[in-house]
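Here is a short briefing on side-chain contacts in one protein model.

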Amino acid sequence: MAFNIEFKRTFEHRSWRDRKDRVKADGPDGFNVRFKALEADLDTLRERFKDVNAALNKVATPVPSQVSVSPILRPIGNEKQWWIGGDGSSHIPFPETQSKGIVDIPMPTAGLITSFTAVGRFKGTGFVRFEFFRVDPTKTLPDKLAQLYINGAATDDVITVAASIDRVQIDPNSTYVVLAEGNRSATGEIVRVSALRVTIADS
């Protein structure tokens, strides 16, 4: 791709000679004329840099940013709470079979939300459901932006599950939260959440 951005220097220095040329401000060869010519070239060069910057911005691929939080899930009312581990993960404590909690997601003031991701270990016959909400103080009910439903697996390998979001504009006046509900049916089953992530693109 050709941008055709050029710069042609107009200033041309003519060397002074020792003991023959006198320093002077005015006239066709004075300091004023020469420095004005340099000033004009520098102004032109500044404009060319602006052109280069604009051209590169048009073709640059923006790198999405990511908000990642430890799932410190606080209890909701009388619901059974998640147990917070020393590593910042949350799991269903023995002998409980279910837990429910909520965590805030600190968001930037601008951008487009493109995905929501949960990371953890989910072994057995249980499940965990994540719901990502935007809470607008002017509305009665929150807006659900994404939902993940993860069934237990045969192994305790780390699992990463993501849900796409249709480039929702961030509202700086709203808060964002994730509601997590887990269930396990037998001892030895693992329901452990280690990270929650939101991907954000430039608006």
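K80 is partly exposed, because its relative accessible area of 43% falls between the 20% and 50% cut-offs. The side chain of K80 meets that of E96 in a salt bridge, with N to O at 3.9 Å. E96 sits in the loop between β4 (90-91) and β5 (98-104), and K80 in the loop between β2 (74-75) and β3 (83-84), so the pair ties together parts that are 16 residues apart in sequence. E96 is also partly exposed, at 29% relative accessible area. Note that this is a predicted model.

**Salt bridges**

- The structure holds 11 salt bridges.
- K36 pairs with E39 in a salt bridge, and their closest N and O atoms are 3.6 Å apart.
- Both K36 and E39 belong to helix α1. They are 3 residues apart, about one turn of the helix.
- K36 counts as exposed, with 57% relative accessibility. E39 counts as partly exposed, with 42%.
- D143 and K139 form a salt bridge through their side chains, at 3.2 Å from N to O.
- K139 is partly exposed, with a relative accessible area of 44%.
- A network of salt bridges links R46, E47 and K50.

**Nonpolar surface patch**

- F49 belongs to helix α1, which spans residues 31-59.
- Is F49 buried or exposed? F49 has a relative accessible area of 57%, so it passes the 50% cut-off and counts as exposed.

**Aromatic pairs**

- The count of aromatic pairs comes to 3.
- F116 and F132 are stacked, because their ring centres are 5.3 Å apart and their planes stand at 20 degrees, under the 30 degrees cut-off.
- F116 lies in strand β6 (residues 112-123) and F132 in strand β7 (residues 127-135), so this pair ties together parts that are 16 residues apart in sequence.
- F116 is buried, with a relative accessible area of 0%. F132 is buried too, at 0% relative accessibility.
- F127 and Y149 also stack: the ring centres are 5.2 Å apart, with the planes at 10 degrees.
- F127 lies in strand β7 and Y149 in strand β8 (residues 143-151), so the pair ties together parts that are 22 residues apart in sequence.
- Y149 is partly exposed, at 45% relative accessibility.
- One aromatic cluster is formed by F116, F132 and Y176.

**Nonpolar core**

- In soluble globular proteins, nonpolar side chains tend to be buried together.
- Here, the largest nonpolar core has 31 residues.
- Which of its residues touch the most other members? They are I105, I113, F116, F130, F132 and L196.
- At least two residues of this core come from each of β1 (65-69), β6, β7, β8, β9 (158-169), β10 (175-183) and β11 (190-201).
- β11 supplies the largest share of this core, 5 residues.
- Beyond residues up to four places away in sequence, I105 touches V67, V69, F132, Y176, V177, V178 and V198.

Methods: Residues numbered from 1 in each chain as written. Predicted model: local features only at pLDDT ≥ 70, side-chain atom pairs only at ≥ 80, totals over all residues. Heavy atoms only, no water. Helix = DSSP H or I, 4+ residues; strand = E, 2+ residues; numbered from the N terminus. Buried < 20%, exposed > 50% of the residue type's maximum accessible area, 1.4 Å probe, protein only. Phe/Tyr/Trp six-rings, centres within 6.5 Å; stacked < 30°, edge-to-face > 60°. Core = buried A, V, L, I, M, F, W, Y, C linked by side-chain atoms within 4.5 Å. Contact = heavy atoms within 4.5 Å. Salt bridge = Lys/Arg side-chain N within 4 Å of Asp/Glu carboxyl O.
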